[in-house]
Amino acid sequence: MPYRRAHGILRDMSEQRKTTYPGGFPAILAQMEGRRDPFSYHEGEALAPLDTDFAALKQQYMLAEAPELGDSRSGYARKYRALAEEFAGRSALLHLHGVLIAHLRRRSQPAHTAALFQRLWAEEATYLMDHLDARWLVSAATTFGDHGANELQRSVGHALSVLFGMMKLYETERLYAAVTPDQPHPWRKRSSPTLAMEMDAFAVGGAGGLDVNMLGRLWQQGSQDEVIAPLVQRLLTLLVDDDKTVFRRLHIMRARKAKQRQEAGKEVKPQRAVPADKRKIIAPVPHRQSSQSSPCRWGTVSLIKAPTRDILAFAAYHLDLGAHHLHIYLDEPDETAEVLLRAHPKITVTICDGTYWNAQKKPRMKTHRMRQVWVATQAYNVTECDWLAHVDVDEFILPEAGKSVDQLLAEVPDDHLGLMLQSADQLAAPGPEGGEAFKLTHLAAGHKRAVLGQIYTSFGSHLPGGFIGHISGKLILRTGLDGLRFGIHACHWQAAQVENITNMTGSYIGHAHAASWSQFRKMLEFRLTRGSYQRAEDNDRLQLGDVIDLVLEEGGEDALRAFYEEVNGGGPELRAALARHNMLIDQPLHLEARMIRVFGNEAKVFL
């Protein structure tokens with residue numbers, strides 16, 4: 001081979017290696033445009049008209065074979081069949097959405113295509129987001145970028161398209177790394193001082209705000225248009241809730257670096273043994289023999305500091321529900337409540353005053369939670385009940401419709417020490433018949449976390465389970481196990497957490513944690529500083545107390561009230577959203593009627 005020709009070939013190969021795409025942008029554009037030829041139609045075929053009846057399409061289901069097209073082999077028919085196969089057994093409205101997107105990716109399409117796509121999202125956004133996966137939602141955002149009705153829709157749609165397109169590229173490459181998608185890289189020396197194109201790296205361990213600014217601006221801009229806003233908010237919520245993205249990995253790396261800095265210079269302490277709440281154990285199961293007249297004796301234990309009316313309502317509810325005995329420890333004296341409670345043969349009242357704590361041979365514990373655990377364990381060791389529930393004065397056992405508590409307990413496997421009732425938060429507004437209404441977490445209803453952003457549009461991604469009360473549930477345990485420590489949301493035996501506990505579904509612990517705005521506001525300062533909203537020092541994640549602080553800082557009392565109404569108000573919109581996802585329970589407690597039934601006319605003064 002002549003030298004000049006060989007040199008030319010080597011030079012060409014060398015130049016090709018300098019660019020990722022041989023042929024440069026002319027080749028890139030040629031490849032891109034080659035996939036955008038318009039669809040061909042055979043006689044009688046046409047895209048759905050602009051005035052298509054969406055309601056009718058939602059009731060029509062697709063067949064994979066698409067028999068309505070006969071044996072047509074047009075470009076339109078081929079795409080129609082491919083989408084029919086994908087949406088087989090699902091509504092024709094979802095199929096239409098896919099057909100519209102496919103058309104709008106071509107250089108040309110029927111004149112009304114973009115308008116029909118716009119109308120579909122304007123009228124059926126909720127349905128589309130409830131039934132389409134994230135891949136199709138991203139495709140919709142890309143379509144808005146090319147065919148939005150206004151500049152804002154096109155700008156936001158294009159930005160989302162670039163964001164998710166780049167994510168798909170770099171997350172695909174990362175699949176071939178030695179770590180899983182949810183595992184951040186360890187802190188160590190960087191492999192290079194700069195990024196491609198000499199860009200500075202993101203300040204992972206510092207105050208880098210690239211991620212927050214990018215996502216925050218997209219959220220703000222996208223929320224300004226009522227048509228694209230639901231799509232933008234859903235996609236960004238899915239993004240920040242997913243634990244397999246660079247955003248989550250960088251967040252974890254940042255938190256680890258902050259912890260390293262905090263601990264820098266401190267004395268290295270010897271490694272501690274695994275704490276009890278991290279170790280698990282299968283506990284032995286005692287079985288008490290009950291009499292035939294009382295086949296299942298269940299009761300409750302509670303440490304209570306509350307108005308007299310609330311104490312009587314709590315006691316009356318559970319006695320009327322069939323409790324064999326109530327162990328009530330009053331955290332401070334209440335003479336009126338004490339007299340009425342002691343008069344009932346199924347209630348044991350203990351006043352936790354100085355005399356009581358002196359008898360325990362230990363000083364009064366500083367926190368309410370520590371005192372709760374203490375008295376619950378004491379009651380567990382002395383009760384005559386076969387089963388004991390540790391519940392607070394604002395909590396009510398809600399058996400599944402048509403079942404008694406006895407029947408629930410009978411369903412617990414013989415080798416399980418007890419059952420866990422999942423939490424249901426009481427809403428402020430009553431149900432349609434005037435009684436109490438409760439909401440469930442997304443997990444209790446079998447949903448992924450992303451559903452919270454659909455129900456609580458502003459704060460759903462920041463609240464555990466969508467609750468402002470606890471989501472941990474409460475236990476009902478078999479009694480008679482020596483050495484058991486009865487906690488608030490768990491129990492321990494031999495310094496390890498008991499794990500042979502049945503997670504009950506269909507029955508719940510109703511929690512009147514913030515059953516009214518006034519109650520929520522009255523308790524807020526205590527909960528922020530000493531109670532359940534107090535920030536855990538060793539938790540670097542955004543917590544409920546942080547959310548409330550931010551709401552107050554940004555908008556004051558009006559913003560706090562709006563926050564409460566969105567997450568706990570129980571208005572028509574919230575009820576409808578919860579009902580759509582099977583997360584709403586209407587279960588009247590009938591507290592006043594139960595108080596009179598249990599305590600007689602003496603209780604009327606508190607109604």
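Predicted model: local features only at pLDDT ≥ 70, side-chain atom pairs only at ≥ 80, totals over all residues.
Residues are numbered from 1 along each chain as its sequence is written. Local features need pLDDT of at least 70 and side-chain atom pairs count only at pLDDT 80 or more, while totals for chains, interfaces and linings use all residues; side-chain values use heavy atoms, with hydrogens and water left out.

**Exercise 1. Two packed helices**

Task: At what angle do helix α12 and helix α21 pack, and how far apart are their axes?

Solution: 
- Start with the names: helices (H or I, at least four residues) and strands (E, at least two) are DSSP runs, numbered from the N terminus.
- Two packed helices are described by the angle between their axes and the distance between the axes. Axes are lines fitted to C-alpha atoms, for helices over the stretch in contact, and angles run from 0 to 180 degrees between N-to-C directions.
- Helix α12 covers residues 308-321 and helix α21 covers residues 591-599; their angle is about 80 degrees and their axes are 8 Å apart.
- That makes α12 roughly perpendicular to α21 (angles under 35 degrees count as roughly parallel, over 145 as roughly antiparallel, 65 to 115 as roughly perpendicular and the rest as oblique).
- Now look at who meets whom, where contact means heavy atoms within 4.5 Å. Residues of α12 including Leu312, Ala316 and Tyr317 meet residues of α21, among them Met595, Val598 and Phe599.
- By class, this contact of α12 with α21 has 11 nonpolar, no polar and five charged residues (Ala, Val, Leu, Ile, Met, Phe, Trp, Tyr, Cys and Pro count as nonpolar, Asp, Glu, Lys and Arg as charged, and the others, Gly among them, as polar).

**Exercise 2. A positive phi**

Task: Where does Lys361 lie, and is Lys361 buried or exposed?

Solution: 
- Most residues other than glycine have a negative phi. Phi of Lys361, though, is a positive value near 60 degrees.
- Lys361 lies in the loop between α14 (354-359) and α15 (368-382).
- With a relative accessible area of 78%, Lys361 is exposed (buried means under 20% relative accessible area, exposed over 50%, partly exposed in between, with a 1.4 Å probe and protein chains only).

**Exercise 3. A covered strand**

Task: Which residues of strand β6 are buried on each side?

Solution: 
- In a regular strand the side chains alternate between the two faces of the sheet.
- In β6 (residues 395-398), Glu395 and Ile397 are buried on one side, and Phe396 and Leu398 are buried on the other.
- Next, find the neighbour: β6 pairs with strand β13 (residues 501-511) in the antiparallel sense, over four bridges. Two strands pair if DSSP finds at least two bridges between them.
- Within this pairing, Ile397 stands opposite Ile509 in β13.

**Exercise 4. The surroundings of a serine**

Task: What does the side chain of Ser423 make a polar contact with?

Solution: 
- Locate Ser423 in strand β7 (residues 418-426). At 2% relative accessibility, Ser423 is buried.
- The partner is the side chain of His470, at 3.1 Å. A polar contact is a pair of N or O atoms within 3.5 Å; within protein, one must be able to donate a hydrogen and the other to accept it, and residues adjacent in sequence count only if both atoms are side-chain atoms.
- A polar atom of the Ser423 side chain also lies 3.2 Å from the backbone nitrogen of Gly473.
- Not counting residues up to four places away in sequence, Ser423 touches residues including Lys439, Phe467 and Ile509.
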